[in-house]
Amino acid sequence: MRVPRRSLALVASLACVPAGPSAAFATATRPAESRDMVLIAHNDLGGTGNLGEGYAEIKTRDGRRILYAAHESGPRCFSVLDVTEPRAPRLLSQTDVPDANTRCNSLDLSGRVLAVANQVDDEAEPGGVAGLRIYDVSDPLTPKQIGFFDTSGPFSRGVHFVWFADGRYAHISSGMPDFQPRRPNMDDQIYVTVDLANPRRPVETGRWWWPGTRVGDKAPVPTPNPGVDSGCRAHNTDVFPDRPDRAYVGYIDCGLAVLDISDQAHPRPIAMLDDSPPGPGFTHTLQPIRGGRYIVATHEAIQDNCTDGAKRDDIYRNASTLDRIATLPAPDNVAELCARGGRFGAHNIFEHTPDEPTWWSDRIVIGSFFNGGVRAYDVSNPRHPREIAYYVPKAPVGSPAGAIQINDVYVDDRGVIFAGDRFAGGLYVLTSPAIEPMASTR
């Protein structure tokens, strides 16, 4: 989403902060709004607790676990935490945004290379700011920038999302300097692959966009969403190492796209589904389960008080035909959540990154729901999903929403759940008996 222009004084590129957590709980707490999920720790990230949609974890040679967390907006770009002891996460350092009008909403890690999205408020920003920044994390505590893939241009706000899971190719949603959308600011993010074989010199390998969105396309402009029109552009762009020939792309108000990328220079669609209407739009993430026989798709709530409709997560059968077969059930107190403050509804789900020490299950889906907190669902029967656990933190101090706004969720192989508030709350660390550690970590 676009963010307002900010004028923020920047401090050092890498600002070291006190090692101890600003707030941590030695024992689990269970507030009223929870079911089979408990808070075991919290860290407000030195008072800059506005987390975005990107987490990555790495194990050090001496057995520590380091978590990288992207920020929704400046002044911070990303935070680095020691989460070896999940009941006492320690903030180690923070890297600031490269420019006052830049955000770093997304990041991903593969091996010892960290890729961080940089998106600007305005296409008029100078070149060299919008794009994908590449960091060497051979020393996990001290990320060092070594490369940059520049996507700035007259119609580009830069990179909004990055997926990097195979040690070589980054899959991004971004504007490009030579891509002129028919509707500026609406259809300006496309799917792009970037070769990071040499992370100091990233190279584009391919791109795809929804037909009709580029100036010069023969196809007509896609029909705008009759509700809240957020544009026809790429959001999450996921490619899993077990199927490197498939890309799963949430294309906001154009819907779902599954691509054959066996030839990365020429991606081609296997299936495309514009599901709004009847759905309310803003398709965000596509997560295949059961070997791709089913796909869970999220539709992001983008307005306060549910004014953009009921944003839910749907389950689709068959990646070639995308037949919707179920919707994850809504909480019993939907009306109250819609009136509580800020956004309520789906945002993202945990996307398994197999090259990191992460948890995975074909049976359980875990999602972020803004003021609905973190919620887990049993999808053993994809046609009849059921909610099995949730945790809704109290409203963070200083939040303009007046309620929690959980933006994203990440689960490591110990079954530890990390979630972040988009405005002020920082990092929440949770556990649930429904989320068992992976066998190798027991």
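Start by selecting Asn225: leaving aside neighbours within four places in sequence, Asn225 is in contact with Asp253, Ser276, Pro280 and Gly281 (contact means heavy atoms within 4.5 Å). Before going on, note that this is a predicted model, where local features need pLDDT of at least 70, side-chain atom pairs count only at pLDDT 80 or more, and totals for chains, interfaces and linings use all residues. Residues are numbered from 1 along each chain as its sequence is written, and side-chain values use heavy atoms, with hydrogens and water left out.

Stay on Asn225. Is it buried or exposed? Asn225 is buried, at 6% relative accessible area (buried is under 20%, exposed over 50%, partly exposed in between, with a 1.4 Å probe and protein chains only). Its side chain makes a polar contact of 3.5 Å with the side chain of Asp253. That term means a pair of N or O atoms within 3.5 Å; within protein, one must be able to donate a hydrogen and the other to accept it, and residues adjacent in sequence count only if both atoms are side-chain atoms. Also show the backbone oxygen of Pro280, 3.2 Å from a polar atom of the Asn225 side chain.

Asn225 sits in the loop between strand S16 (203-208) and S17. Strands (E, at least two residues) and helices (H or I, at least four) are DSSP runs, numbered from the N terminus.

Cys232 is in the loop between S16 and S17 too, so pick it next with Cys254, in the loop between S18 and S19. These two cysteines form a disulfide with sulfur atoms 2.1 Å apart (the cut-off is a pair of cysteine sulfur atoms within 2.5 Å). Both Cys232 and Cys254 are buried.

Now colour the open sheet of 4 strands, in the order S17-S18-S19-S20, with antiparallel pairing. S17 (237-238) and S20 (268-273) are at the edges with a single partner strand each, so one side of each has no neighbour in the sheet. Two strands pair if DSSP finds at least two bridges between them; S18 (246-250) and S19 (256-260) have 5 bridges. One to click on links Gly250 to Leu256 in S19.

How many disulfides does a search of the whole structure find? There are 3. Another joins Cys77 to Cys104, at 2.2 Å between sulfur atoms, and Cys306 is joined to Cys338 at 2.0 Å.

Last stop: Asp62, in the loop between S4 (51-59) and S5 (65-71). Asp62 is exposed, at 55%. Its side chain makes polar contacts with the side chains of Thr60 (2.3 Å) and Arg64 (3.3 Å).
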